[in-house]
Amino acid sequence: MHLSYLQYQLHFYGLQACRMRNAGNCRFSSWQLYEPGTVPEPDTLYFMTAEDFREFQFPAAAVCIPDYPGTLELPEQNGLYLESGCTKASFYNLIRKIFSDYEKWDFALSFAERMDPSQLLELSTPILHIPLTVIDNEFHFIARNTLYARKFTGDSLSVSEMEDLLWSEEFKKCTYQKDVFHFFLQSEQKMLLCYNLFQNGHFFARILGSIEEESYAVPQEILFSRMVVALKNLIEEERSIFRSPGKSREFTAAVRRLLEGNRDVDPQILLQQNWSLDDTYLLSVVRCSDRFPVEEAEQYMRSSLQQLFPDACVLHLGQDFVCVWNRTCSAEKEYSLREKMSVFLRDHAAKAGTSNIFCGREDFSLYLSQACEALRLGEKYAPHFWHYRFEDYACFYLLERCSTPYGPWQVASPALRVLRRYDKEKAGELYRTLDAYLQTGCNVTQSAERLHIHRTSMIKRLNRIKKLTGICLEEADTRLYLMLSYKILELSGTIT
């Protein structure tokens with residue numbers, strides 16, 4: 001960010017008494033509130049009071065002083081010096097907003113080729129503060145921000161609007177311009193910022209910004225020029241989301257209804273992709289980290305997943321992205337899907353949960369919930385992994401449900417409580433002995449080796465366990481109950 005940009009934003013928000021020292025085109029990438037006595041970090045803008053600045057002894061990239069007297073000359077330090085008159089808290093809140101808006105915009109420009117044009121224009125609104133639109137050579141709106149939509153509510157300009165604005169002829173005179181240029185709109189006595197878009201060498205659309213206040217024209221033109229480069233790549237290369245790769249809006253809406261539990265879907269719509277409710281399906285829920293700007297990067301994430309998995313239908317639900325695979329139609333192997341998904345998750349600091357395979361005539365919403373459960377369980381029991389399949393965590397799911405609404409010890413076998421009490425009183429190891437015996441498939445020799453005791457000692461311990469508890473280890477149901485009990489206690493953290 002440049003000092004001149006920050007001065008422009010402060011001017012826009014009414015802080016006009018703002019003087020700037022800007023030797024060497026000063027710029028910075030972050031900001032901090034200055035704490036007296038600390039050494040400034042490089043590439044950082046520091047905010048401090050005039051009193052703190054008087055004690056400031058170290059050079060910094062730039063400073064911003066909100067209460068610098070206008071009667072004083074500017075010091076040699078690069079920075080903005082304001083005689084704002086606003087409170088310290090309100091000033092810092094404004095700065096936080098300015099930086100937040102700029103970071104979102106800068107991120108959007110970096111991934112613009114996979115965003116929606118209107119969303120990019122909307123993210124540019126708090127940066128440029130002007131109505132913005134992209135309009136084709138037949139005066140249909142390809143995209144526009146809210147400020148522009150308030151002026152023109154239809155999908156295109158009407159004949160009367162074109163005649164009133166004198167665009168139908170005047171605009172065509174500028175169709176060979178290659179760079180950002182100005183166009184004076186006589187009907188409104190207003191200057192427009194313009195940039196032409198070409199397809200195969202022919203003009204087909206124009207990006208427009210209406211300069212509302214001449215005093216901001218210079219910084220707005222600089223920012224407009226940055227924005228149009230991103231929009232040019234987005235629209236001319238036909239990678240906008242409104243040209244969704246192979247999935248019509250009607251088809252996507254039908255899949256969304258299935259995920260919501262609505263089975264009343266026209267089969268003919270699914271047939272657009274050769275899908276049928278008799279096919280088998282798989283669902284994955286992709287969730288970004290809390291630090292990932294999902295709202296700003298929604299189109300990028302959805303488009304990236306769609307390009308990576310062209311056979312899938314990708315939707316954005318809440319904070320998650322849902323991939324719906326038709327396994328009957330797809331020729332891609334499941335292990336290939338898992339590998340590609342794992343790489344994507346790693347590169348985007350995201351995680352995913354995947355459901356079991358199911359028939360399309362079953363309830364999609366239940367398997368969506370299953371994929372979410374896989375993600376929850378995976379993050380709980382294996383947080384270092386990226387991708388979690390429900391089948392790998394189904395045992396954890398069942399065990400959690402086993403102890404609901406009871407506590408772990410209430411649902412576990414009473415025999416284990418007896419063994420724990422005995423071990424505590426006699427300093428024994430019967431609880432651990434029974435666990436080892438069950439884990440080795442009731443093999444006396446292997447369990448003795450695991451416990452590092454003689455086989456005879458193992459048999460004596462088992463006899464003692466049977467006598468104390470009265471359990472019959474020859475019964476399969478008893479062994480299953482005991483094994484589940486051990487696992488429930490382990491997962492609950494009651495026993496480690």
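A cavity, as the word is used in these legends, is a set of grid points where a 1.4 Å probe fits but cannot get out. By that definition, the structure, which is a predicted model, holds 2 cavities of 30 Å³ or more.

**View 1. The second largest cavity and its lining.** At least two residues of the lining come from each of β11, α12 (334–347) and β16 (387–389), and the largest share, 4 residues, is that of α12. Sorted by class, the lining of the second largest cavity comprises 4 nonpolar, 3 polar and 3 charged residues.

View 2. Strands of a sheet pair through backbone hydrogen bonds, in either a parallel or an antiparallel sense. For strand β3 (residues 44–47) and strand β4 (residues 62–65) the sense is parallel, and the pairing extends over 3 bridges; within β4, C64 is the bridge partner of F47.

View 3. Helix α1 is mostly covered, with 8 of its 10 residues buried, namely L3, Y5, L6, Q7, Y8, Q9, L10 and H11. After α1 comes G14, whose phi is positive, near 95°.

**View 4. The largest pocket, with α1 and α8 in its lining.** The volume of the largest pocket is about 330 Å³, and its lining is made of 17 residues, among which S4, Y5, Y8, P219 and I222 lie nearest the centre of the pocket. The elements that give two or more residues to this lining are α1 and α8 (217–236). The lining of the largest pocket divides by class into 10 nonpolar, 6 polar and 1 charged. Two of the residues named here, Y5 and Y8, are also listed among the buried residues of α1.

View 5. The relative accessible area of N274 is 59%, which is over the 50% cut-off, so N274 counts as exposed. The second residue of this view, H452, is placed in the loop between α18 (444–451) and α19 (455–469), and the phi of H452 is likewise positive, at about 60°, although H452 is not a glycine. With 71% relative accessibility, H452 also counts as exposed.

View 6. Y397 belongs to helix α14 (residues 390–402), and because its relative accessibility of 25% falls between the cut-offs of 20% and 50%, Y397 counts as partly exposed. When its neighbours within four places in sequence are left aside, the residues in contact with Y397 are E373, L377 and F390. The C-alpha atom of Y397 is separated by 9.9 Å from that of Q370, a residue 27 places away along the chain.

**View 7. The packing of helix α16 on helix α20.** Two packed helices are described by the angle between their axes and by the distance between the axes. For helix α16 (residues 414–426) and helix α20 (residues 476–492), the angle is about 65° and the axes are 9 Å apart. On the side of α16 the contact is made by P414, A415 and L416, and on the side of α20 by Y481, L482, S485, Y486 and L489. By class, this contact of α16 with α20 has 7 nonpolar residues, 1 polar residue and no charged residues.

How values were computed:
Residues numbered from 1 in each chain as written. Predicted model: local features only at pLDDT ≥ 70, side-chain atom pairs only at ≥ 80, totals over all residues. Heavy atoms only, no water. Pairing = 2+ DSSP bridges. 1 Å grid on protein atoms, 1.4 Å probe; cavity = no way out; pocket = protein on both sides within 12 Å on 5 of 7 lines; lining within 4 Å. Points joined across faces, edges and corners; volume = space filled by probe spheres on them. Nonpolar A, V, L, I, M, F, W, Y, C, P; charged D, E, K, R; others polar. Buried < 20%, exposed > 50% of the residue type's maximum accessible area, 1.4 Å probe, protein only. Contact = heavy atoms within 4.5 Å. Axes fitted to C-alpha atoms, helices over the stretch in contact; angles between N-to-C directions.
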